[in-house]
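Me: I am new to this structure and would like to learn how to read it. Could you take me through some features one by one?

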Amino acid sequence: DTELEANFQTIGGQVSVDDRVVNVTGTSLGSQTVAFIFIDERGNVHYTDLTVDDDNTFEEEDLNVGSDLVEGQVSAHAMTAGRDDQFGEGLSGSGDAYSRLQALAGRLDSDSLTGDQVRARLTDQTTEAVASDDRMVTTRFRLADSRTTIGSVYPDGMEASGVNPVGVDDTMVVEGRTNLRPDDNSITVELLTQEGDSVALATTEEWSYDGTYMVSLELEDVQT
């Protein structure tokens, strides 16, 4: 039998247009290749695939979602062929099942269809074809402009929402949200005087995949 599990990891449900990659992990039984198809609402399509490891798992930290997808909702589909090593009743074209699936994705991309029409035609010829045992795992995310915001400011050890007073010589904690990927990007928080002079600065490259970050600024000897 064939089985497929796939987990897509975004940043709080979003992918920044400056990153255009997702993390993916999973298992595939019965197929040594997993195909990934990304479809935006305008019907643009991107195809890529991964080779499954000998222990039936796969993992990719930087799976590209495609440079041609536009901002907005995107559907991500992980797919494996059925026991007959074909998608649906056998896609047209030459090569193996995945070469033919890639060719189908290319045709759908060039057919001036909406995203919903692309998804319908894709499933009609694969998972929903007569007697098909193809596997598909689907998720959605938003492709969006890079965005980083500040949500809360408070003295260290006195967590509070909103922007709160922080005393001189205290440590200022700044919390916020971003849709940028950790490690691949950095967030710098800088404290300026009214004249625009920098008096404190902190940078982090580590935050969680739910998009929340936190940095601490030492305010020692900062003049008000």
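Me: Where is G162 found?

Reply: Helices (H or I, at least four residues) and strands (E, at least two) are DSSP runs, numbered from the N terminus. G162 sits in the loop between strand 9 (148-155) and strand 10. Please keep in mind that this is a predicted model, in which local features need pLDDT of at least 70, side-chain atom pairs count only at pLDDT 80 or more, and totals for chains, interfaces and linings use all residues. Residues are numbered from 1 along each chain as its sequence is written, and side-chain values use heavy atoms, with hydrogens and water left out.

Me: Is G162 buried or exposed, or partly exposed?

Reply: Buried means under 20% relative accessible area, exposed over 50%, and partly exposed in between (1.4 Å probe, protein chains only). G162 has a relative accessible area of 29%, so G162 is partly exposed.

Me: What does G162 touch?

Reply: Contact means heavy atoms within 4.5 Å. Not counting residues up to four places away in sequence, G162 touches G151, S152 and V153. For a view across the model, take Q102: G162 and Q102 are 60 residues apart in sequence, and their C-alpha atoms are 49 Å apart in space.

Me: How many helices and strands does the protein have?

Reply: There are 2 helices and 13 strands in the protein. The radius of gyration of the protein is 23 Å, well over the 17 Å that the globule rule gives for 224 residues, so the protein is more spread out than a compact globule. Here the radius is taken over C-alpha atoms, and the rule is 2.2 Å times the number of residues to the power 0.38. Along the principal axes, the C-alpha atoms fill a box of roughly 75 × 40 × 25 Å.

Me: What share of the residues counts as buried?

Reply: Of the 224 residues, 43% count as buried. As for contacts with a separation of 6 or more, residues 24 or more positions apart account for 65% of them.

Me: Which residues could show me what buried looks like?

Reply: V22 counts as buried because its relative accessibility is 0%. Leaving out residues up to four places away in sequence, V22 touches a list of residues including F8, F38, L63, F141 and R181. V163 is 141 residues from V22 along the chain, and the C-alpha atoms of the two are separated by 32 Å.

Then look at I37 in strand 4. With a relative accessible area of 2%, I37 is buried. Among the residues that I37 touches, not counting those up to four places away in sequence, are V45, Y47, M79, L101 and L122. The C-alpha atoms of I37 and L101 are separated by 9.5 Å, although the two are 64 residues apart along the chain.

Me: What is the phi of R20?

Reply: R20 has a positive phi of about 55° although it is not a glycine. R20 is in the loop between strand 2 (14-16) and strand 3 (21-29). R20 has a relative accessible area of 17%, so R20 is buried. D85 also has a positive phi, near 60°, and D85 is a residue other than glycine. Look for D85 in the loop between strand 7 (72-80) and helix 1 (97-109).

Me: Which polar contact does the side chain of N44 make?

Reply: A polar contact is a pair of N or O atoms within 3.5 Å; within protein, one must be able to donate a hydrogen and the other to accept it, and residues adjacent in sequence count only if both atoms are side-chain atoms. The side chain of N44 makes such a contact with the side chain of D40 (2.8 Å). N44 lies in the loop between strand 4 (33-40) and strand 5 (45-51).

Me: And where does N185 lie?

Reply: N185 lies in the loop between strand 10 (171-178) and strand 11 (187-192). Its side chain makes a polar contact with the side chain of D19 (3.2 Å). A polar atom of the N185 side chain also lies 3.0 Å from the backbone oxygen of R181.
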